[in-house]
Amino acid sequence: MLSSTFVCVGDRLTYARLAAVSMIWGGTFVAGRFLAADLDPLLIASLRFVLASLALLLFMAFARTPLACPTPAQMARLLLLGFFGIFFYNLCFFYGLHFINASRASLIVALNPAVIGLASCWLFKERLGRSQVWGITLCLGGAACVIVSRDPLLLQGRADAWIGDLMIFGCVLSWGVYSLGSRALNHSLGPLQTVTWSVLLGTLMLCLTTVVTDRVTVQALDAIHWPHLLGLLYLGVLGSALAYIGYYDGIRRIGATRAGVFIALNPLTAVVCGALLLDERFSLPMFFGAALILLGIYLCNKPLAPAGA
């Protein structure tokens, strides 16, 4: 009885952390769109993860946690995570935001829970119960309702908006690999080591590509001002270093499908921030969409019934 109480409390803390992570990520679309309008996307991505790498290494230094030495097999997995979760994801993210707005991008990223859930079921034979299927479906519907009601014209993009759509869908696929590819590493190395190594390797890939393609110029660096630095700090320290650790810890504790469904909170967070900071008004469809998202997260995180039930 006592152990089940501890499990319940632990799950609630995990849910709270994942909700906080999704709220932080909700703001990354706005910050990313702001930076992509003025700066080179590849340069932004590199600077973001240089800051994230420094934050993670400083955190480990203060915690007196040495950087682990992965085995060759672990390093191969970490390179895969660094490529898809850091390098390729951020190229798709910042270049995609050059063509479409943050609302349209978040609508596509809301597909993440469904992609992660289906891939977990297919690759790892994870059982998706009826409540989890309904939960993922409600999260998708709720996210679409919130985003479309906030920006009714978002589906009427520019003629080249399909390029941005395709790139942001690349983010969805990349994040699926990053979420599911950590399965063994989270247990052998732990979330902190897994995130730190994947971020360091992905940052190295981004920086090498940025230097080779001559994106680091005096003119490009001179265009970075204080608002840009604040945006980069938000993306690097909060949106990458801290949020990635929280997300991987959530995956380790409750699984990729149940953790991934919290991503549906991203557009809801953007709407709440708009209401609090920009005096944007809530509408009835927004409230309806928010209720669907919360109900979907609840259903997806209900314990599965026994297989013979």
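Q: A crossing is left-handed if the near helix is turned anticlockwise from the far one by less than a right angle, and right-handed if clockwise. Which hand does the crossing of H2 and H3 have?
A: In this predicted model, H2 and H3 cross in the right-handed sense. Helices here are DSSP runs (H or I, at least four residues), numbered from the N terminus.

Q: At what angle do the axes cross?
A: The axes of H2 and H3 cross at roughly 130° and come within 9 Å. Each axis is a line fitted to C-alpha atoms over the stretch in contact, and angles run from 0 to 180 degrees between N-to-C directions.

Q: Which residues make the contact?
A: Contact means heavy atoms within 4.5 Å. H2 contributes Pro-41, Leu-42, Ile-44, Ala-45, Arg-48 and Phe-49. From H3 come Ile-86, Asn-90, Leu-91, Phe-93, Phe-94 and Tyr-95.

Q: New topic: where is Arg-64 found?
A: Arg-64 belongs to the loop that joins helix H2 (41-62) to helix H3 (72-96). Its phi is near 55°, a positive value in a residue other than glycine.

Q: Is Arg-64 buried or exposed?
A: Arg-64 is exposed, at 78% relative accessible area. Exposed means over 50%, buried under 20% and partly exposed in between (1.4 Å probe, protein chains only).

Q: And what is the phi of Asp-214?
A: Asp-214 has a phi near 60°, again positive in a residue other than glycine. This residue sits in the loop between helix H9 (191-212) and helix H10 (218-222). Asp-214 is exposed, with a relative accessible area of 60%.

Technical notes:
Residues are numbered from 1 along each chain as its sequence is written. This is a predicted model: local features need pLDDT of at least 70, side-chain atom pairs count only at pLDDT 80 or more; totals for chains, interfaces and linings use all residues. Side-chain values use heavy atoms; hydrogens and water are left out. Helices (H or I, at least four residues) and strands (E, at least two) are DSSP runs, numbered from the N terminus.
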